[in-house]
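Please read them beside the sequence and the coordinates.

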Amino acid sequence: MTAFSLPVITERLVLRLFTTHDLGDLYAYQSLPDVARFLYRPPLTREQCAEKLAQRAAGTAWAEDGDSLTIAVCQGDEESVVGEVVLKLASASARQAEIGWVFNPAHGGRGYATEAARAAASLAFTELGVHRLFARLDVLNTGSVRVCERLGMRREAHLVENDLDGERWGSEYVYASLAREWKDGRG
Ligand SMILES: CC(C)(COP(=O)(O)OP(=O)(O)OC[C@H]1O[C@@H](n2cnc3c(N)ncnc32)[C@H](O)[C@@H]1OP(=O)(O)O)[C@@H](O)C(=O)NCCC(=O)NCCS
């Protein structure tokens, strides 16, 4: 298993592992239809949030394809969670990982998602040995597009109607950064 150091402290945020005490905060944003709009699944019930927390508390392995690390994001020294960043190991052998983020809109528009994603990307490149970090997002998800662009990720692909979101054909962008780009300050 690859070692990583959490918590990570940024200018305004603390990134740490989730605990079962975070159920109320997680449910507060994961239950919102607006938050789930581009996640290609319905909002989560309280029971589903509890299951996710149990999985997250148990699973911090980073060795095999599909392993993932979901990081809780808190403001400063406050315990409450304002959002999450997830890193998922897409290919252990090729050191490819996917990054994603979900934030409570009550804390939106302050740059928290960008600040947390930047810290998680640094963790991925420096501690988890990731070679290429990518994000997939619905082309209509303009907030996420802006997060990727603020991070300096390159738009690599525009997949057209590659997925079904209920009755709607979804199209996606793929954004990515390589470790050397990140280290050169392009990330
Ligand atoms: C995607 C998502 C995280 C974006 O949230 P967000 O609030 O726009 O992103 P940030 O927290 O990085 O905030 C950025 C905004 O804060 C502003 N801002 C204010 N103060 C700032 C500061 N000190 N530093 C940086 N940005 C600041 C920025 O200008 C930016 O506004 P703009 O996009 O209008 O230009 C959020 O919409 C979300 O969780 N959506 C639902 C889940 C989802 O779709 N996830 C992605 C699946 S691929």
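1. How many disulfides does a search of the whole structure find? The search finds zero, where a disulfide is a pair of cysteine sulfur atoms within 2.5 Å. The sulfur of C49 has its closest cysteine sulfur in C74, 16 Å away, which is too far for a bond. C49 is buried at 0% relative accessibility. C74 is buried too, at 2%. Buried means under 20% relative accessible area, exposed over 50%, and partly exposed in between (1.4 Å probe, protein chains only).

2. Some ground rules. This is a predicted model, in which local features need pLDDT of at least 70, side-chain atom pairs count only at pLDDT 80 or more, and totals for chains, interfaces and linings use all residues. Residues are numbered from 1 along each chain as its sequence is written, and side-chain values use heavy atoms, with hydrogens and water left out.

3. Helix 1 spans residues 23-30, and L23, L26, Y29 and Q30 are buried in it. Seen down the axis of helix 1, these buried residues fall within an arc of 145°, so they line one face of the helix. The arc is that of the directions from the helix axis to the C-beta atoms. Helices (H or I, at least four residues) and strands (E, at least two) are DSSP runs, numbered from the N terminus.

4. What do the buried residues of helix 1 pack against? Their partners are helix 2 (33-36), helix 3 (46-58), strand 4 (81-91) and strand 5 (96-103).

5. Now the core. The largest nonpolar core has 40 residues. L87, I99, W101, F103 and L133 have the most contacts inside it. Helix 4 (residues 112-126) gives the largest share of this core, 10 residues. A second, separate core has 12 residues, including Y29, C49, A72 and V81. A nonpolar core is a set of buried Ala, Val, Leu, Ile, Met, Phe, Trp, Tyr and Cys residues joined through side-chain atoms within 4.5 Å.

6. I99 deserves a look. Leaving aside neighbours within four places in sequence, I99 is in contact (heavy atoms within 4.5 Å) with V85, V86, L87, A117, A120, A121, L133, F134, A135 and M153.

7. Next, the largest pocket. Its volume is about 1,600 Å³. Of the 49 residues that line the largest pocket, L39, G100, W101, V102 and S144 are the closest to its centre. Strand 5 supplies the largest share of the lining, six residues. Among the elements that each supply at least two residues are strand 3 (68-75), strand 6 (132-138) and helix 5 (142-150). On a 1 Å grid over the protein atoms alone, a pocket is an open set of points where a 1.4 Å probe fits, with protein on both sides within 12 Å along at least five of seven lines; lining residues have an atom within 4 Å of a point. Volume is the space filled by probe spheres set on the points, which are joined across faces, edges and corners.

8. Last, the backbone. Most residues other than glycine have a negative phi, and most peptide bonds are trans. A cis peptide bond joins L6 and P7, with omega about 5°. P7 is in the segment before strand 1 (8-9). R95 has a positive phi, near 50°. R95 sits in the loop between strand 4 and strand 5 and is partly exposed at 44%. E161 also has a positive phi, near 50°. E161 lies in strand 7 (residues 154-165) and is partly exposed at 45%.
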